[in-house]
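Good morning, and thank you for making time for this item. I would ask you to keep the structure in view while I speak.

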Amino acid sequence: MSGLHFDKTAWKTYLFDDIASSISDRVDDPRFSGVDRYVGLEHLDPQSIKIRKWGAPDDVSATKLRFYPGDVIYGRRRAYQRKLGVADFEGICSAHALVLRAKEDVCLAKFLPYFLQTDLFHQKAVDISVGSLSPTINWKTLARQTFFLPSLKDQEKIIEIISSIDRTIEAYQDLPLETQRESMLHELLSAGGDDWTETTLGEVSSFISRRVLPNDLALEIQYVGLEHVEPMTTLISTWGNVESVSSSVTPFEPEDTLFGRLRPYLHKVAFADFPGVCSPEILVLRTSAICEPRFLYLLCSLASTVKKCVDMSAGTRMPRTSAADLASIEVYLPPLAEQKRIVEILSFMDEVIRATKQAIRDLKVLRGSLLTEILSVNDNG
């Protein structure tokens, strides 16, 4: 990265209000918005600018904001989560987001999302956020902040560098690995046989209901919240510190299955490979003697299992499934030898997916490092 040099004498300091506009095109009733896509903060992926998920306007109520292709949707609530996306379609989004549009005489439209992802902007956004439970950015406060911005010519160069990394990331993300995995698992579980048993998830596992207080735990205990569980990913790669938690938590052991009960449609199901504690919004299942631990995880991670939980969930804005609902789901259980064979086949596929996602994470780290180095205000070229 030492080969990256820019003459920063042409760079200038601007108010954020000179860099971008906040678009306040309000939609009071989403049902009559005239669009078919709704983007909530839960649909935005950290450290990514492409919007890959969305809901429907009929799923939500209350005032939303309209956005158009090219607009940046920036999560102003809990800015520390670093959520933003660039729209390539028209839709409506959560009012907990800012709809930002670049002022192209100062900031190119394609450069704006890259700038918003820099550590410099992120730290300023966190610093000006107001509130303790759900810190939120006020537009008038953000508009008055000053930032050191490259010249338009240098913005074009930066766009070329970073977009080349983005294209590689997107190529990895576009691989249909999860779809292939689901099809393979469905085929293996559809084989059936006279020695397969019709049962339920509750009969082949037990739910860990014990709760403990964080103060009673050793400080090195790893804490897993829903934010640490990636959708459709087998293993947990990030976790938090138990010191940051104030409410009771559920302990789990290696080989337990963790099932996200809040908004189950997010498909947050994981196989624990270390001991720790987790949020009460995560159900902990422990297998019985008749079911291989990883086979239990496979049953819980099935798209059909998640869909049944979604259908049974209580609540509209923040739907939750229950242990009783998950336990009631019917499954077919093969003999242990067949379970092990299926697990072995799927483990290979899961390792391919894990390696691909690790490559994506590594590229995102490289991307962030490049942006930090290029836009450092202490480097004069």
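Predicted model: local features only at pLDDT ≥ 70, side-chain atom pairs only at ≥ 80, totals over all residues.

Phe 16 and Phe 147 are both buried.

A second pair deserves attention alongside it. The ring centres of Tyr 74 and Phe 121 are 5.6 Å apart and their planes stand at 85°, so this pair is edge-to-face. Tyr 74 and Phe 121 are each buried.

Which residues form one aromatic cluster? The members are Phe 16, Tyr 74, Phe 111, Phe 115, Phe 121, Trp 139 and Phe 147. Across the whole structure, the search finds 15 aromatic pairs.

Let me turn to charges over rings. The charged end of Lys 124 is placed over the ring of Phe 147, 4.6 Å from the ring centre. Elsewhere, Arg 37 lies over the face of Phe 89, and the distance to the ring centre is 4.4 Å.

I now move to the helices. The axes of helix 5, residues 152-173, and helix 11, residues 336-374, come within 9 Å and cross at roughly 170°. Helix 5 and helix 11 are therefore roughly antiparallel to each other. On the helix 5 side, the residues making the contact include Ile 158, Ile 161, Ile 162, Ile 165 and Ile 169. On the helix 11 side, they include Ile 360, Leu 363, Leu 366, Leu 370, Leu 371 and Ile 374. Sorted by class, this contact has 13 nonpolar, three polar and three charged residues; Asp 166 of helix 5 and Lys 364 and Arg 367 of helix 11 are among the residues that take part.

Finally, is helix 8, residues 293-301, mostly covered or mostly open? Helix 8 is mostly covered, with eight of its nine residues buried. Those buried residues are Pro 293, Phe 295, Leu 296, Tyr 297, Leu 298, Leu 299, Cys 300 and Ser 301.

Note on methods: Residues numbered from 1 in each chain as written. Heavy atoms only, no water. Axes fitted to C-alpha atoms, helices over the stretch in contact; angles between N-to-C directions. Helix = DSSP H or I, 4+ residues; strand = E, 2+ residues; numbered from the N terminus. Parallel < 35°, antiparallel > 145°, perpendicular 65-115°, else oblique. Contact = heavy atoms within 4.5 Å. Nonpolar A, V, L, I, M, F, W, Y, C, P; charged D, E, K, R; others polar. Phe/Tyr/Trp six-rings, centres within 6.5 Å; stacked < 30°, edge-to-face > 60°. Buried < 20%, exposed > 50% of the residue type's maximum accessible area, 1.4 Å probe, protein only. Lys NZ or Arg CZ within 6 Å of the ring centre and 35° of its normal.
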